[in-house]
Structures are given as C-alpha cells and as structure tokens.
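Here is a short note for a colleague who is opening this entry for the first time. Please keep the model in view while reading.

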Amino acid sequence: SAALVWFRRDLRDFDHAALYHALRAHRRVFCAFVFDTEILDALPGQGAPGSPRSDRRIDFIHASLLELDTALRSAGGALIVRHGRASQELPALARELGVAAVFTNHDYEPAAIARDAAVATALADSGIAFTSFKDQVIFERDEVLTQAGKPFGVFTPYKNAWLRKLGEAGGEFYLQSYPVERYRAHLAASPLASGIPPLEALGFAASNLAALRLPTGMSGGAALFEAFLARIDQYKAARDFPAVKGVSYLSTHLRFGTVSIRQLARAAWQRSGVLGNEGAATWLSELVWRDFYQQILFHHPQVVEHAWKPEYDDLQWESGLAADALFDAWCAARTGYPIVDAAMRQLNQTGFMHNRLRMVTASFLTKDLGIHWLHGERYFALHLNDYDLSANNGGWQWAASTGCDAQPYFRIFNPVSQSEKFDAQGTFIRRYLPELAQVPDKYIHAPWLMPALTQQATGCVIGDHYPAPVVDHATAREITLARFKRG
Ligand code: FAD
C-alpha cells in the first residue's frame with residue numbers, strides 16, 4: 001500500500017519520525033510540501049513599498065526544499081510541491097495519489113492544530129488515515145508534568161523534571177535517531193513531483209538571505225552544528241556577548257527542522273553527562289527552554305493574545321500618537337540608545353538578533369517606552385528568521401514581566417549598564433552603527449554625554465548624526481513601576 005508524508009517544519013530526510021514510520025509501514029511512500037497561502041498571504045514582505053514581496057524565511061524554506069528534493073531523488077523518491085490552502089491541497093493530493101494514509105509530525109501552534117484537524121476530517125471522509133508523530137521536541141504536551149499531574153508553569157522545576165525523565169528513559173538511548181536509511185527503498189517517485197517552483201511563481205522576489213552567513217538546508221544545519229561543537233565548551237562563558245561567536249546560530253534550522261533535535265540534544269547530553277562539560281549542560285538547558293515554551297503554548301493557547309499572568313492583562317500601556325512615534329523609533333533603530341539601535345539594525349538587516357539583545361530590546365520597548373509587548377512580539381514575528389510562536393511569545397512575556405516564570409516587574413534592565421556589561425568596548429555597537437565608529441569607548445554606551453567638542457571631533461553630533469535618547473531611562477523606570485503597581 002502507499003502513503004504520503006507531509007513535510008512542514010521538518011525539512012530533512014534523516015532522523016524524521018513521520019518519514020520513518022511511513023517507510024516502515026508502506027511499500028510506496030510519496031513526499032509532499034505545501035506552500036500554504038494562508039501563511040504566505042499574511043506576510044507583508046520586507047522590501048521597499050511597492051517592490052515585490054520578499055521574505056528571508058521563504059528563501060530559507062525554498063533553498064532547503066531544493067536540497068531535500070535532491071536528496072529524496074537520489075534515493076528514488078521526489079518531493080511533490082503544492083501552492084494553495086494546505087487544508088484543501090493536502091487532502092486533494094492524497095486522493096490523487098490514491099494513498100491509504102498520510103503521515104506527518106505534530107505541530108503545537110493553535111492555528112496548525114486547527115488546520116490539522118480540518119485535514120484529518122477531510123481525509124477521513126475519503127477513507128484515508130491521518131497519523132501524526134512527535135518529532136520537533138524531546139518531550140511534548142503531557143510528557144513532563146508536576147507530581148500533581150499538571151503542566152509546569154515555571155522553568156527550573158520543569159527543567160529538573162525534564163532531565164530526570166530523560167535519564168530514566170535511557171538518556172542517549174532515548175535520543176537515538178530514527179533509522180530512515182533502512183527503509184529508503186520504499187520511497188516512491190511521482191509524475192506529480194515536478195521540481196520546486198521558482199520564488200516568483202509563489203509571488204516572492206529573492207531577499208538578501210544569500211548574502212548573509214546563514215547556510216540553508218540540511219547541509220547548512222550540519223555545518224553550523226559541527227562548527228558549534230568545536231566551541232560548545234565555551235558556550236556558558238561566551239553566550240551573552242553579542243560581538244563574540246558564542247552561540248550556535250542553529251535556531252532557524254531548528255525552526256524548519258533541517259537539523260534533528262534528537263541529534264542536537266544527544267550531543268549535548270553526552271558531553272554534559274559523561275564529560276561534565278558545563279558549556280554543553282548550559283546549551284542543553286536552552287533546548288529545554290524550547291520544549292518548555294512549546295508545552296506552555298499547547299496547554300495555554302490564550303497566551304498568544306493575553307498575558308500569562310491574568311492580573312497584567314489589563315495593564316495601561318502607552319498609546320496614541322506619541323507612543324506610535326516611539327514605537328516607530330524602536331523599529332527603525334532610532335531610539336538614541338546604541339545597544340538597542342544596533343540590535344534592531346541587526347534584526348532589520350539580517351533577520352537574526354542575539355538572545356541577550358532580544359531581552360534588552362524587548363525590555364526597552366515594554367519598560368522604557370511603555371508599549372504593549374504584543375506590538376514588539378508582532379514586529380519580531382515579521383522579521384526573525386527563526387520566528388517561532390512559542391519561543392517568541394514566551395520571550396516577550398518574560399521580558400514584559402507578564403509571562404510565566406517572568407522576571408519580576410521591578411527588575412528593569414538598564415540599557416546603558418547592559419551595554420557596558422555585554423558589549424564593553426562597543427564592538428557590536430560599532431558593527432551595526434558605523435556613525436558611532438569614532439566615538440570613544442567611554443561614551444559609546446551613552447553618546448549623548450559626549451561634550452560638544454568631542455561630538456564634533458568624532459563626526460557624531462547628537463541630534464544630527466545620531467538621535468538623542470527618546471526617553472530618559474530613570475524617568476521611564478518610575479512610570480513603569482507605577483504602571484505595574486496599579487496593575
Ligand atoms: P543558542 O543559544 O545556540 O540556543 C540553542 C537553541 O535553543 C536555539 O536555537 C533555540 O532553539 C533554543 N533556545 C535558546 N533560548 C531559548 C529561549 N529563551 N526560548 C526558547 N528556545 C530557546 N527563539 C526562537 O527560536 N524563535 C523566536 O521567535 C524567539 N523569539 C525570542 C524573543 C525574545 C523577546 C527573546 C528574549 C527570546 C526569543 N527567542 C526565540 C529565544 C532565543 O533568543 C533564540 O532562540 C536564540 O537567540 C537563537 O540563537 P541561537 O540558535 O544561536 O541560540
């Protein structure tokens with residue numbers, strides 16, 4: 001009998017739960033990907049107004065599909081690509097191919113859950129089975145619960161329970177890969193697989209992704225991972241400094257499944273357990289954060305629009321023309337705070353932002369500008385290459401102090417001291433704000449303090465070449481404390 005594997009955020013042909021189960025159970029297995037217009041139509045594109053839409057994520061997916069198709073073809077299969085509403089295209093394709101079953105991997109986002117339910121119903125109407133597997137996380141949904149059988153809402157006890165469970169489940173043994181290779185002969189080609197449509201056919205123009213240092217596809221993910229393993233020992237010490245190559249840069253690959261979470265977690269688990277490697281242990285914690293926010297979203301889909309802490313759902317955020325102008329300044333990297341502006345330029349130019357800076361910019365928007373976290377969350381959602389609803393929502397609510405396991409509202413990041421601490425020489429700032437290149441280290445974190453003569457000598461006149469700060473941090477801090485006290 002024949003089956004169809006529906007690829008979504010799992011664009012690889014190795015260690016793939018749905019692919020493995022389909023190949024093992026069926027003699028002929030087709031593979032498909034749908035460019036879902038329900039998702040594509042919501043993307044505004046990131047080019048100049050009036051120019052064709054472009055989006056780095058679309059380029060990433062496109063390039064990764066080309067590689068996946070090539071890999072499947074070399075093994076006797078091929079990728080069938082459709083463009084339309086997935087909830088209609090997928091059942092139609094399954095009927096056209098005459099398969100008995102569709103296999104896919106779980107997605108925990110509310111919209112994806114609704115889409116999959118519609119697909120399952122449509123397939124059932126045609127007598128086609130729909131089966132989904134855990135693939136993109138190590139532990140999902142109800143697999144890690146409190147002693148009382150409830151989902152965790154606080155990270156550290158969740159992490160301890162997660163690590164305990166993995167140990168009890170056999171550690172490395174539990175994390176072993178699905179041996180897809182063993183059944184590869186069951187991959188089937190189809191005349192419906194006519195290559196990957198060009199970007200233009202999808203209504204997009206190329207973005208600047210190719211010019212960035214983000215390799216795509218399974219090969220790109222593997223190369224980044226290999227390079228990271230050589231420096232994982234230093235992760236704990238280096239991870240907070242945006243000018244240093246300290247983190248893995250694997251988030252976009254994790255988002256689109258061009259790497260396998262099991263392989264990543266296994267490498268970290270082995271190094272942290274057997275070798276006592278602190279860098280690997282810290283990095284494994286980050287992978288646990290990822291599982292944590294996925295299960296939060298699954299159990300509490302209301303966080304998409306609402307504060308996790310109900311008492312903060314009605315906070316009186318700033319609004320009106322002045323707030324709009326401040327929001328625009330934040331988006332356009334013109335707040336006058338160099339660390340915030342450099343970070344926003346990194347995001348706007350590359351689609352990536354270092355984790356420390358995501359915390360700093362999110363704190364700045366919500367605590368210094370008093371703007372609702374949802375506005376920032378949506379801006380990040382449009383621009384981040386690794387945008388993931390669960391992690392982004394969790395990160396924003398954490399920074400805004402409205403989230404689960406939130407930092408308390410009275411702990412407010414000072415953008416100048418964050419800058420001094422994590423970019424002491426202003427190396428990162430100067431990389432993205434060349435207008436501050438000549439500013440002495442002493443003033444790089446707060447250039448408005450430069451004497452007029454120094455401003456002239458360095459070619460950076462505040463208010464002319466670089467903006468004056470849009471708010472005074474000390475004043476903004478008091479306003480925020482009052483806002484939260486009112487609740
Ligand atoms: P590494 O430091 O190498 O970490 C390895 C992996 O662990 C990451 O790739 C990611 O998958 C996971 N991870 C790390 N930190 C977190 C975290 N706090 N929560 C969940 N998973 C984590 N991450 C996203 O993947 N998508 C987002 O849309 C996103 N939005 C964020 C928004 C805010 C306001 C904040 C504070 C954080 C956000 N993060 C998001 C988490 C984190 O900043 C990124 O995962 C990380 O910067 C990606 O770089 P990396 O792959 O080099 O990370």
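This is a predicted model: local features need pLDDT of at least 70, side-chain atom pairs count only at pLDDT 80 or more; totals for chains, interfaces and linings use all residues.

1. Residues are numbered from 1 along each chain as its sequence is written.

2. The protein has 21 helices and five strands. These are DSSP runs, numbered from the N terminus: helices are H or I with at least four residues, strands E with at least two. The radius of gyration is 24 Å, close to the 23 Å of the globule rule for 487 residues, so the protein is as compact as a globular protein of that length. The radius is taken over C-alpha atoms, and the rule is 2.2 Å times the number of residues to the power 0.38.

3. The domain assignment, automatic or from a database, gives domain 1 (1-135), domain 2 (137-177 + 218-299) and domain 3 (310-486). The C-alpha centres of domain 1 and domain 3 are 38 Å apart. Their contact takes six residues from domain 1 and five from domain 3. Two residues are in contact if their C-beta atoms, placed from the backbone, lie within 7 Å.

4. Glycine 394 sits in helix H16 (residues 389-400). Is glycine 394 buried or exposed? Glycine 394 is buried, because it has 26 C-beta neighbours inside 10 Å. The cut-offs are 20 or more for buried, 12 or fewer for exposed, and partly exposed in between. Leaving out residues up to four places away in sequence, glycine 394 touches Tyr293, Ile296 and Gly403.
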